[in-house]
Amino acid sequence: MMLHQHQTAAPVKVPIDHAFSPYTDNGGTTLAIAGEDFCVIAGDTRQSEGYSINTRYAPKVFQLSNGCVLATGGMHADGVMLVKRLEQRLEWYRHHHEKEMSSGALAQMLSTILYHKRFFPYYVWNTLGGLDEEGAVYSYDPVGNYQKQKWNCSGSAGHLIQPVLDNQVGFFHHEQDRRNLTEEEVLKVTKDAFTSATERDIHTGDNLEIFVVRKDGVRKELYPLKRD
């Protein structure tokens, strides 16, 4: 009997990837809605990386010294660094002009700061909320392009919440019902949207920090979200 030896193919050798990235995405979701004389900015507090939760309280929404509120999503470390830089520039402006910077001026300055870092950008998606003649929301991409809007949502659950805002705040597809929402109605939409998003997005949860900007000051509220 002759034994036939079968040749097996040699294992395929694949080069090992040793790439390094200075960036990471820490998940989470932020939202901003402008009203007639107020602005609501909110964000969850969960900081995650992949399938791991680093901490259940890492704020994404920061009250600035001029009365505006900045919501940052993406890489938490870059967001914290950007807030520190903005506060430094606001302090310089205050000492030089002896007044606070307006929300419109701050929106333009933030765009300039982000564009200046465009070759090694802050890995954050920013939403700025404040007041001018009425509530104002400015949304940004990482390199400084920005747009003034009435509402905006970004982050890991942004694709889930944005259609809700389009319908409930912008009255898309039922324009005959269009009106200006009250502060109480905006807060209810915000809480309901985040409560629903936590059921579908594992990177959003734990707590919801809500800032309400009015002419008489900024009010903060903490609302519990799903923790699993």
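Begin by selecting Lys191, which is found in helix 4; helices (H or I, at least four residues) and strands (E, at least two) are DSSP runs, numbered from the N terminus. This is a predicted model, in which local features need pLDDT of at least 70 and side-chain atom pairs count only at pLDDT 80 or more, while totals for chains, interfaces and linings use all residues. Residues are numbered from 1 along each chain as its sequence is written, and side-chain values use heavy atoms, with hydrogens and water left out.

**Around Lys191**

Is Lys191 buried or exposed? Lys191 has a relative accessibility of 18% and counts as buried; buried means under 20% relative accessible area, exposed over 50%, and partly exposed in between (1.4 Å probe, protein chains only). Next, display the partners of Lys191: leaving aside neighbours within four places in sequence, Lys191 is in contact with Leu208, Ile210, Glu221 and Tyr223. Contact means heavy atoms within 4.5 Å.

Select Asp206, found in the loop between helix 4 (183-197) and strand 11 (207-214). Phi of Asp206 is near 75°, a positive value in a residue other than glycine. Most residues other than glycine have a negative phi. Asp206 counts as buried, at 1% relative accessibility.

From Asp206, move to Thr55: the C-alpha atoms of these two residues are separated by 9.5 Å, although the residues are 151 apart along the chain. Thr55 is placed in strand 4 (residues 52-55) and, at 29% relative accessibility, counts as partly exposed. Apart from neighbours within four places in sequence, Thr55 is in contact with Thr45, Arg46 and Gln47.

**Helix 1 and helix 2**

Now colour helix 1 (residues 76-97) and helix 2 (residues 103-116), whose axes come within 11 Å and cross at roughly 130°. Axes are lines fitted to C-alpha atoms, for helices over the stretch in contact, and angles run from 0 to 180 degrees between N-to-C directions. The two helices are therefore oblique to each other; angles under 35 degrees count as roughly parallel, over 145 as roughly antiparallel, 65 to 115 as roughly perpendicular and the rest as oblique. To see the contact, show Leu82, Arg85, Leu86, Arg89 and Leu90 of helix 1 together with Leu106, Met109, Leu110, Ile113, Leu114 and His116 of helix 2.

In the loop between helix 1 and helix 2, select Glu98. Its phi is near 60°, a positive value in a residue other than glycine. Glu98 is exposed, with a relative accessible area of 74%.

**Aromatic rings**

How many aromatic pairs does a search of the whole structure find? The search finds six. Rings of Phe, Tyr and Trp (its six-membered ring) pair if their centres lie within 6.5 Å; planes under 30 degrees apart count as stacked, over 60 as edge-to-face and the rest as tilted. Select Tyr140 and Tyr146: their ring centres are 5.2 Å apart and their planes lie at 15°, so the pair is stacked. Tyr140 is buried, with a relative accessible area of 7%, whereas Tyr146 counts as partly exposed at 33%. Then select Tyr23, Phe120, Tyr123 and Trp125, which form one aromatic cluster.

**Charges over rings**

For the last stop, show Lys117, whose charged end sits over the ring of Tyr122, 4.9 Å from its centre. Likewise, the charged end of Arg118 sits over the ring of Tyr115, 4.1 Å from its centre. A charge sits over a ring if NZ of Lys or CZ of Arg is within 6 Å of the ring centre and within 35 degrees of the ring normal.
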